[in-house]
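Take a look at the model before reading on.

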Amino acid sequence: MPDPSEPIRGFASDNCSGAHPRVLEAIAAVNDGHTPSYGADPETARLDALARAEFGESSRIFPMLNGTGANVAALRAIARPHQAVICAETAHLTIDETAAPEAIAGLKLLGAPTPDGKLTPEIAATRLADRADLPHIAWPAVITISQPTELGTVYRPEEIRALADFAGEHDLVLHMDGARIFNAAAFLGGGLAAASTDHGVDVLSLGANKNGVVFGEAVVFADPVPAQGFDVLRKGSLQLASKMRFLSAQITALIENDLGLELAATANARAADLADRVSALEDIVLAQSVEANIVFVAMPLERARDFVERQAPHRPLLFEVGEAGLIRLVCSWDTTEEDVQRVVADLEVRQA
Ligand SMILES: Cc1ncc(COP(=O)(O)O)c(C=O)c1O
């Protein structure tokens with residue numbers, strides 16, 4: 001039985017963890033007095049300067065309230081209603097955003113099957129359209145990739161570059177859903193730009209929510225042209241925070257002094273440890289390479305159901321694939337070695 005005096009940390013999602021103390025301090029530090037609202041405050045200017053140092057002088061950053069909002073508003077900036085977006089069929093955008101890209105941005109999502117959550121130029125090409133079919137089809141205007149993918153795999157720089165070149169050849173804009181971009185950057189060993197815009201990503205949804213903030217994400221444009229008017233579009237997409245200073249302070253806290261990279265590196269290290277330990281268990285296999293903070297394990301279905309139930313109230317996602325159960329375990333910035341040992345011990349339990 002879990003000790004009720006112990007704080008419970010589960011593996012259901014990195015959204016379940018709290019905020020890092022330095023983020024809370026950053027919020028408290030900007031709490032005094034009155035400042036202009038809606039982003040005209042000094043804290044947002046500070047974030048702006050920091051983002052330009054990270055992503056290049058031409059880049060523009062816009063703090064957003066949540067990841068779905070960041071993705072949908074970003075897509076609205078680079079595609080017109082009636083156009084289409086090529087994505088992996090496992091993309092959060094197509095599976096977990098309640099059709100907001102369709103309903104709010106008016107975009108058709110063209111999902112393509114992939115073995116590991118990653119698009120390649122060859123896979124993306126299967127969703128290109130034929131001009132002869134105009135005006136009857138939704139013409140692809142964007143490719144979106146998730147970094148890391150929803151399956152926990154990370155695009156390497158050359159893979160991003162190949163997609164950017166393909167996008168350029170076909171007049172497509174390359175969007176990256178970086179809900180866990182800090183984890184990808186920590187895995188690749190560089191900064192945020194080295195995992196995204198340095199290799200041709202035009203627009204990045206920069207995630208912070210899953211990596212130690214209270215709430216908040218951002219959209220980064222590598223180039224100022226598509227960013228024009230985005231402040232208006234953000235408001236029209238219900239994503240404009242009136243008290244922006246609190247949002248900006250949190251994202252600044254992650255970027256400054258590499259706190260976000262540090263936190264993500266911890267989550268990744270716990271996932272690597274978990275993967276190592278799981279590999280030694282009988283009848284359980286890793287279903288994907290473990291590169292960021294997500295571990296997919298496969299095991300007989302009944303055993304998987306039993307394990308998931310025993311994790312209540314932190315039941316991880318379970319996908320039933322024939323006779324097998326595929327479980328997603330996600331490590332957070334505050335996951336400890338003991339947490340990993342505990343969940344591995346739980347995985348070892350077999351039904352009577
Ligand atoms: C890959 C990915 N993109 C985007 C999001 C956006 O999430 P939310 O709208 O919940 O902030 C998530 C959250 O789970 C995610 O995993």
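Predicted model: local features only at pLDDT ≥ 70, side-chain atom pairs only at ≥ 80, totals over all residues.

Residues are numbered from 1 along each chain as its sequence is written, and side-chain values use heavy atoms, with hydrogens and water left out.

Q: Why is the pair of F62 and F230 called edge-to-face?
A: Rings of Phe, Tyr and Trp (its six-membered ring) pair if their centres lie within 6.5 Å; planes under 30 degrees apart are stacked, over 60 edge-to-face, the rest tilted. The centres of F62 and F230 are 4.9 Å apart and their planes stand at 70°, so the pair is edge-to-face. By this rule there are four aromatic pairs.

Q: What makes F230 count as buried or exposed?
A: Buried means under 20% relative accessible area, exposed over 50%, partly exposed in between (1.4 Å probe, protein chains only). F230 has 0%, so F230 is buried. F62 is buried too, at 11%.

Q: What kind of pair do F221 and F230 form?
A: Their centres lie 4.9 Å apart, with 70° between the planes, which makes the pair edge-to-face. F221 is buried, at 0% relative accessibility. Ring pairs join F62, F221 and F230 into a cluster.
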